[in-house]
Amino acid sequence: MAQSLTIETYPNWVNLGQWINQGLEKAAYRPAGSIDGRKTILYQKRRDLDPNTIIGRGGIVALGNPSSELAANKAFLWVTGSTIMSVIGGSGWTSGSGTFAQGEYCAQALGMGPNGLGYGFEGYEFAQEGPLTDPNPPICLYDDHPFAQGFYTKRKQMYASAGRSLPTSGGNYGSFDMYNRVMNTGFRVDGTPVSPTHSHFKDYYIDKDHARTCCSYLVAGRDSIYDANVRYYPTNFDYARDFYTVLHAMEVMKKGSNGKVYLHIWPLIEQVSKDDNGNHTLHINHNYERQLLSPRGRYVTGEHPMIDFDFNVAINLFAGYMDGDGVLGWDNPQLFSTDINKVTPPNPHPTPDRAAYSEWFPEIAGTPAPVGGTSGMSDNERIAYGYPELPLTHQDAILVAEHLKQSMSQTAGESFVHLPYTVTAQAFGFGATFTPVNISRSVQFDGSTLLHDAAANDSYWDPSGRRGRGVLKGRIKRAGGTTYFSGAYFDPSLTKSQRERITPVIDGYSIGEITVQGGKVTVFNGQL
């Protein structure tokens, strides 16, 4: 039994009852960064905050779309196709496919910020979407294109000249040449669904050489130029599938890569479509609504649905902060106000330029919408003076995950491994009484434990049954004659109305019984 055992909780600043994200203002200030060198990169989203006060909160090292001046080495540089088109003319390009030398030129033309020392972090999306992909032939398509490779190679050289490594989470934001691209459709071989324990996937755990065969990025050795990412842009609410595939992608990429691997996440369901009237909309029939008291009325907005907050915390913790090298929390660069009595300009007929539907329904007909900003501003400018069009708490989940990882500081410096455990009791349903059981989860010595977790119970591919089982990872550290331990458990195969009691085994010792809840992470620390 453990001499001490502490179950960690979410920080007290978490408030899911309001739409404003709290973490940028209230997360613990860590100017030295997170333990184990993990990095957090986020967008500001709130116009009311000074970006200089955000850097360091929750270990944030770089900030996108700051509301006011921020030193380049604290800023997140997001390079789009439009960014490249603004400088490519000087390279001699007029038409046709871009060259390696033209990619180098564009990288040089972007510079290294006012002080010449570079940015806090960089991200790139030009290699897969936007104006560089539109011409025939495209200027640049995919990361193996000569133009992209020239760009990345030059950026690496520029940072080396400044005494730094290139701070990026991969080439194209979608990491189309990386392993998560393969795993986007789940555990399949040649398009056919197979068990997660299929040898095709298990073989990647044999050794580093096998892991490096998982994707073209590693086969081509591009990890010698720029770091990698595992991209997670959810397309539905299939949490069990997503958790196992994303975490498997991270385990394999970390095993095979010679560089860092970050979780690149946007925790909203992505879709752009048209309604029956031909209006562009982000999500048909998915609206957020809030009531205003002064003036009285309803403001309805059509925006991307968020994934479950607790699942968001878990996938960031496991894939980003425990197994990965940090989290890039991508978002659109829109700033908002915290004034709950103000709204963004109504947009009842969305267009490609502004796809977010929004409409004002006053209690007294004819009452104008209380739009933030002033009449002299454009609608796009006035958006930043309105209350958010959707809850921003999806961003807070990232900082909650960082908080939980930081609670494991007593074991800092050690690697996380899968741990065995036994389920001793189950209570499936709110108010249900625990029933004794004896179900053991053992560790696979070939490294493929996660695959067996995904395949457990009614199988990964059976949407009508329980799909998988809980994942337990932990680590120990011996210091001053004491053995410290840290661990985290998450079960995406159970709902939040279902609970289990488990006894984790660490360093050969059962640490005692822990009650865990389906769909919510449990983090614990203690001493043996």
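A: The model is a predicted one, in which local features need pLDDT of at least 70 and side-chain atom pairs count only at pLDDT 80 or more, whereas totals for chains, interfaces and linings use all residues. Residues are numbered from 1 along each chain as its sequence is written, and side-chain values use heavy atoms, with hydrogens and water left out. Helices (H or I, at least four residues) and strands (E, at least two) are DSSP runs, numbered from the N terminus.

Q: What is the form of the peptide bond from serine 294 to proline 295?
A: That bond is cis, and its omega is near 0°. A cis peptide bond also joins asparagine 136 and proline 137, where omega is about 5°. Proline 137 sits in the loop between strand 5 and helix 5.

Q: Is aspartate 190 buried or exposed?
A: Buried means under 20% relative accessible area, exposed over 50%, and partly exposed in between (1.4 Å probe, protein chains only). Aspartate 190 has 80% relative accessibility and therefore counts as exposed. This residue is in the loop between strand 7 (188-189) and strand 8 (192-193), and its phi is near 55°, a positive value in a residue other than glycine.

Q: Why is asparagine 65 placed in its accessibility class?
A: The relative accessible area of asparagine 65 is 28%, so the residue is partly exposed. Asparagine 65 has a phi near 55°, again positive in a residue other than glycine, and belongs to the loop between strand 3 and strand 4.

Q: Which residues of strand 5 point one way, and which the other?
A: In strand 5 (residues 121-124), Phe121 and Gly123 point one way while Glu122 and Tyr124 point the other way; all are buried. In a regular strand the side chains alternate between the two faces of the sheet.

Q: How many bridges join strand 4 to strand 5?
A: Two strands pair if DSSP finds at least two bridges between them. Strand 4 (residues 76-79) is joined to strand 5 by four bridges, so the two strands meet that criterion; they run parallel. Valine 79 stands opposite tyrosine 124 of strand 5. Strand 5 is also joined to strand 6 (residues 168-172) by two bridges, in parallel, with tyrosine 124 opposite asparagine 172.

Q: What do strand 5, helix 5 and strand 6 make?
A: With helix 5 spanning residues 146-161, the three make a right-handed β-α-β unit. The criterion is that, with the strands pointing away from the viewer, the path from the first strand over the helix to the second runs clockwise.

Q: Why are helix 11 and helix 13 described as they are?
A: Axes are lines fitted to C-alpha atoms, for helices over the stretch in contact, and angles run from 0 to 180 degrees between N-to-C directions. The axes of helix 11 (residues 309-322) and helix 13 (residues 393-406) come within 8 Å and cross at roughly 50°. Angles under 35 degrees count as roughly parallel, over 145 as roughly antiparallel, 65 to 115 as roughly perpendicular and the rest as oblique. Helix 11 and helix 13 are therefore oblique to each other.

Q: What makes helix 4 oblique to helix 5?
A: The axes of helix 4 (residues 100-110) and helix 5 come within 6 Å and cross at roughly 40°. That angle makes helix 4 oblique to helix 5. The contact includes Phe100 and Leu110 of helix 4 and Phe147 and Met158 of helix 5.

Q: What is the pairing in the open sheet in the order 1-25-21-20-17?
A: The pairing of these five strands is antiparallel. Strand 21 (residues 482-490) and strand 25 (residues 522-527) pair over six bridges, and tyrosine 489 has threonine 522 as its bridge partner in strand 25.

Definitions and conventions. Contact means heavy atoms within 4.5 Å.
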